[in-house]
Amino acid sequence: SKDIYDKFVDSTNDLDARGYLELLLQSKKSVTVDFEAQTDTCGRLTRVFVAYTQGQALWNNRSANVLFLDATHGTNRYAFKLSIFVTVDNNGATFILAYLLHREETDDDMSWGLHCFNSFFIGAPASLFTDSGSGMLKASIRATSEGDIWPHTRHLLCIWHLDCNFYEHIRCLFTKNDEGWGTVHDLFWWLAKHSDLSNDICVDEQLQYLHAYVAENGKGASKKSALEWITNVLIARANKWVACLCWDVFTAGMHSTGRSESTNFGLKTILRGNSTLVQLHEGVTKYKEQRTFKVALERENRVLSQLSLSKTLPIWASSLTVKVSPYAIKLFMLQLGLALKYSYQVERVPDDDDISDKNRGDPCNTNYMVSRLDVKVDNLSPRDPNGKSNLFNCTHYAMGCEDTISQRWVTLN
């Protein structure tokens, strides 16, 4: 029975792989994707690289790009790992360029994926962000070395992954010394964020101090391996994560693979561990199209919002549309509307108490409605530099009375 089951599984897998490749061929004919696939000696699918033509158009028409790459698992029933290649588009949004299916996160697999990317996309990235996993790290270092595909690309390490590794290796040495842990962790983040060399701070000295501090104050059986990690990763790869050593490269403001991480998280809301390869491709494509549509819709709404706000905003506030977000403009308009149309209760005050407009002897529970006057009244209407009147019509009504009792001119500053 096991042999029958194995044959059934193999035939099902073969059908899925064939359907997947047929889907890619159809997509290639419709000029939506391009791809490269590899099989083993038995004809089983081992690696697939899929490039989206929209991503190629975006990448190929820009002079500087940043590439983020991170692998994830649990997206299909065949235990293929999924690596998404993403960048930042012209609107500052995350854009999926391509994806790689591979069995393991080995040096060979990741090198193959990077070379495929180089074949389908014109021009090297200015910077490449990855985690510090051994296979990914080796492949990225090789690809950005002299004589390989991207000798002028700066390979940078994701600071979030690096901090996770720092915690894993170092925190256990300071379980009973929170102050010591705070000192060494703060030093790590100071190096990761401090980009000013004006004080002639020696990075090498700071890194050696970090190593010496852990050696002297850390306690635990894993201290030797932790010190080796500091030496082999933090110190040896300092130019890939220390802020003042990599501030001069274009990164679109990023210092981590957070865009890849968020994309992987979003894909896992669509894909499941039992997804077929056809479902995987359809899921990635659907997620990419949804993100593209969402970004385009947000951009259109932002433009329309700015156009409408420019018509409704007072002249003296129109310059805000290019300085703050549409959401901030809406808050401003809301507060402005409340300021121009509000009501409040007035308590009776002594006649000799000369304070603001309350010294009128108005009945208690008097409501005031305020609106801007756009006309000049008896030369008493001061105007701001943009021509708007600072004079407001303050009409107040007694509680329960329909007729206007009186009107006053007030200036709101």
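F49, W59, F85, F117, F120, F121 and W150 form one aromatic cluster. Rings of Phe, Tyr and Trp (its six-membered ring) are paired if their centres lie within 6.5 Å; planes under 30 degrees apart are stacked, over 60 edge-to-face, and the rest tilted. The model is predicted: local features need pLDDT of at least 70, side-chain atom pairs count only at pLDDT 80 or more, and totals for chains, interfaces and linings use all residues. Residues are numbered from 1 along each chain as its sequence is written, and side-chain values use heavy atoms, with hydrogens and water left out.

**Aromatic pairs**

- The structure holds 17 aromatic pairs.
- One of them is the tilted pair of F166 and W181, at 5.8 Å centre to centre with 35° between the planes.
- F166 lies in helix α5 (residues 159-170) and W181 in helix α6 (residues 178-193), so this pair ties together parts that are 15 residues apart in sequence; helices are DSSP runs (H or I, at least four residues), numbered from the N terminus.
- F166 and W181 are both buried, where buried means under 20% relative accessible area, exposed over 50%, and partly exposed in between (1.4 Å probe, protein chains only).
- Y167 and W181 have ring centres 5.6 Å apart and planes at 90°, so they form an edge-to-face pair.
- This pair also links distant parts of the chain, with Y167 in helix α5 and W181 in helix α6, 14 residues apart.
- Y167 is partly exposed at 47% relative accessible area, whereas W181 is buried at 11%.

**Charges over rings**

- The charged end of K28 sits over the ring of F35, 5.8 Å from its centre; the rule asks for NZ of Lys or CZ of Arg within 6 Å of the ring centre and within 35 degrees of the ring normal.
- K288 has its charged end over the ring of Y52, 5.2 Å from the ring centre.

**Cysteines**

- The count of disulfides is 0, a disulfide being a pair of cysteine sulfur atoms within 2.5 Å.
- For C164, the closest cysteine sulfur is that of C158, at 7.8 Å, which is too far for a bond.
- C164 is partly exposed, with a relative accessible area of 34%, and C42 is exposed at 58%.

**Confidence**

- Mean pLDDT (the predictor's confidence in each residue, from 0 to 100) is 79 for the protein, and 69% of its residues reach 70 or more.
- Over residues 343-361 pLDDT stays under 50, and the model has 31 contacts beyond four places in sequence for them; contact means heavy atoms within 4.5 Å.
- Residues 365-413 also stay under 50 in pLDDT, with 114 such contacts.
- Where pLDDT is low, the predicted coordinates should not be read in detail.

Key
Helix = DSSP H or I, 4+ residues; strand = E, 2+ residues; numbered from the N terminus.
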